[in-house]
Amino acid sequence: MIEVRNVVKSFDGVEILHHVTTTFQAGITNLIIGQSGSGKTVLMKSLVGLHRPEEGEILFDGRDLLAMNRHQIKELRKEIGMLFQGSALFDSETVLGNVMFPLVMFSKMSKAEMRDRAMFCIERVNLKGAEGKYPSELSGGMQKRVAIARAIALNPKYLFCDEPNSGLDPRTSILIDELLSDITHEYGITTVINTHDMNSVLGIGESIAFINRGSCDWTGNMHQIYTSGNKALEEFVFATDLFRTVQKYALQHPDEAGIER
Amino acid sequence: MLLTESLSTLGKFALFIKRTIAIPEKWGVFFKRYVAEIMKLGVDSIPVVIVISIFIGAVCAIQMQLNTTSPLMPRYTVGLATREVILLEFSSSIMCLILAGKVGSNIASEIGTMRVTEQIDALEIMGVNSANYLVMPKMLAMVSFIPVLVIFSMSTGLLGGYLISVITGVIQPSTYVYGIQAMFVEWYVWYGLIKSLFFAFLIASIASFYGYHVSGGALEVGKASTKAVVTSSIMILLADVILTKVLLQ
Ligand SMILES: Nc1ncnc2c1ncn2[C@@H]1O[C@H](COP(=O)(O)OP(=O)(O)O)[C@@H](O)[C@H]1O
Ligand SMILES: [Mg+2]
């Protein structure tokens with residue numbers, strides 16, 4: 001579980017995150033949703049210590065990231081996996097090299113064990129056969145899957161994903177979402193996903209935090225989102241005719257949509 | 001304004017170097033990267049060093065011949081002066097200026113691209129000291145391999161002068177060979193080698209610094225690469241003045 005309390009982050013005197021407070025539970029997919037530019041990436045990078053907030057607490061199962069020294073952060077990071085918006089694979093390494101990288105750097109396994117573990121992760125994301133390829137030879141969806149395999153290589157307790165399906169077609173997006181959801185439940189990972197994709201919101205939104213202009217405006221789940229009563233959230237989620245129709249249908253058939261009364 | 005900006009850049013640079021110089025996470029990984037950088041930054045530069053040195057050696061010999069026509073000067077002056085130019089300045093300073101263009105832009109754009117594609121963030125997230133992991137092998141590879149390049153440059157530069165005397169006969173080849181051995185000061189070779197160590201450090205560290213601190217996109221990577229070349233060239237020349245004063249006077 002990750003508890004975020006009153007986190008404030010500014011750049012050059014401009015406050016981007018305004019006292020954000022929210023909680024991410026273990027074993028489920030926690031979404032952070034919001035418009036482009038609302039501060040999702042800044043929040044996520046603050047959560048993993050790539051940005052340093054001026055105020056607040058970020059508790060990883062009780063351990064405050066912001067009170068840690070460099071060495072403690074380094075130790076914590078061995079429990080963290082992260083998926084970047086552009087995959088961030090190492091161009092000069094093959095798929096296998098990329099997935100083995102964290103193992104080579106941080107595990108005490110033998111070479112053969114590392115290879116086995118990496119191959120297991122590659123198979124887990126359905127990329128068997130691609131281990132010898134270079135990132136530039138892969139499609140966007142395949143690159144994302146390699147990044148997932150790399151992120152889970154060291155069995156992380158926490159997994160962060162910044163817009164895992166940006167730039168992917170809807171079908172591939174859903175496959176990635178399902179993969180992330182499966183992995184999360186299988187290994188009991190605390191998974192945090194930034195997204196502005198409504199398919200993800202309604203598909204894997206077991207817990208949702210809505211960030212509006214740098215503030216956490218609403219928290220709930222994919223069933224509660226139909227009846228949030230939050231104007232900004234309504235405008236953001238049900239922005240298109242398609243999703244307005246979905247909402248209308250859900251409200252007419254509350255049992256099917258899982259809406260509690 | 002300009003002063004405070006330069007001072008803050010200098011401070012940032014010092015912190016960057018402090019973060020870079022650390023015990024590597026895994027020696028095996030470090031050694032592999034070090035060898036790869038020697039190949040990429042050092043060995044791959046040998047051809048360009050040879051070609052440029054031969055030409056400059058040849059041009060020097062011709063220039064010396066043209067400018068030492070006085071009957072008071074012995075003919076072997078051509079060889080002697082060509083040697084001094086090559087040993088004292090060309091093979092260390094000018095060669096490193098050329099390498100600042102070739103190697104410096106390569107380093108800055110490689111690290112800059114890793115920054116804008118979040119590969120450096122990915123390293124940090126895994127708990128790797130990215131500055132140490134990326135920069136230290138490059139810095140050590142440059143510093144340890146530069147003497148090899150300088151020696152290549154010195155010998156092929158002198159060879160260039162010889163070749164031009166054979167081909168065009170501006171002076172007798174035997175007189176040239178006598179000239180390049182006359183009044184030889186061994187310290188000049190050491191002076192060139194010592195200078196080059198500093199220059200190699202400047203090229204690798206400054207280029208890495210600009211690449212590492214890119215923010216934005218591909219355009220900024222290009223700008224960083226240009227800044228890296230300009231700044232390291234100026235710093236090489238500045239260091240040249242200081243080192244010459246210290247080592248030769
Ligand atoms: N390193 C930075 N320096 C200054 N401003 C930044 C930086 N990173 C993000 N911002 C600003 O913070 C705001 C939120 O950005 P971001 O978190 O990337 O939005 P998104 O929700 O699309 O991920 C934007 O206005 C952006 O300009
Ligand atoms: Mg973003």
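A salt bridge, as I use the term, is a side-chain nitrogen of Lys or Arg within 4 Å of a carboxyl oxygen of Asp or Glu. One such pair is A:Lys40 with A:Glu163, where the closest N and O atoms are 3.7 Å apart. A:Lys40 lies in helix H1 of chain A and A:Glu163 in the loop between strand E7 (158-162) and helix H6 (170-187) of chain A, so this pair ties together parts that are 123 residues apart in sequence. Over all chains, the whole structure has 23 salt bridges.

Some ground rules before I go on. This is a predicted model, in which local features need pLDDT of at least 70 and side-chain atom pairs count only at pLDDT 80 or more, while totals for chains, interfaces and linings use all residues; side-chain values use heavy atoms, with hydrogens and water left out. Residues are numbered from 1 along each chain as its sequence is written, and chains are lettered from A and ligands numbered from 1 in the order in which they are written.

Helices (H or I, at least four residues) and strands (E, at least two) are DSSP runs, numbered from the N terminus. Two strands pair if DSSP finds at least two bridges between them.

Now the sheets of chain A. One is an open sheet of four strands, ordered E2-E1-E4-E5, with antiparallel pairing. Its edge strands, each pairing on one side only, are E2 (14-24) and E5 (63-64) of chain A. Inside this sheet, strand E1 (residues 2-11) and strand E4 (residues 55-60) of chain A run antiparallel and are joined by five bridges. A:Val8 has A:Glu55 in E4(A) as its bridge partner. What packs on this sheet? Helix H1 (residues 40-47) of chain A does, touching E1, E2 and E4 of chain A, and its direction makes about 65 degrees with that of E2(A). Contact here means heavy atoms within 4.5 Å. The axes are lines fitted to C-alpha atoms, for helices over the stretch in contact, and angles run from 0 to 180 degrees between N-to-C directions.

The other sheet to look at is also open, with six strands in the order E6-E7-E8-E3-E9-E10 of chain A and mixed pairing. E6 and E10 (215-220) of chain A are its edge strands. Neighbouring strands are turned by 20 degrees against each other on average, direction ignored. E6(A) and E7(A) run parallel, with four bridges between them; A:Leu83 has its bridge partner, A:Cys161, in E7(A). E9(A) and E10(A) pair in the antiparallel sense over five bridges, and A:Ile208 stands opposite A:Gly220 in E10(A). The hairpin of E9(A) and E10(A) has two residues between the strands, and A:Arg213 there takes a positive phi near 45 degrees. Helix H1 comes up again: H1(A) lies across E3 (29-33), E6, E7, E8 (190-195) and E9 (207-212) of chain A, running at about 155 degrees to E8(A).

On to chain B. Its secondary structure comes to nine helices and zero strands. The C-alpha trace of chain B spans about 70 × 45 × 35 Å along its principal axes.

How do the two chains meet? In chain A, 23 residues are in contact with 18 residues of chain B. The two chains bury about 1,900 Å² between them, 60% of it on carbon and sulfur atoms. Buried area is the accessible area (1.4 Å probe) that two parts lose on being put together, summed over both. On the chain A side, A:Arg77, A:Phe90 and A:Met105 lose the most area to chain B, together 28% of what that side buries.

Between chain A and chain B there are four salt bridges. One of them joins A:Lys74 and B:Glu25, with the closest N and O atoms 2.8 Å apart. Which elements of chain A give two or more residues to the side that touches chain B? They are helix H2 (70-77), strand E6 (80-83) and helix H3 (95-106) of chain A. H3(A) gives the most, with five residues.
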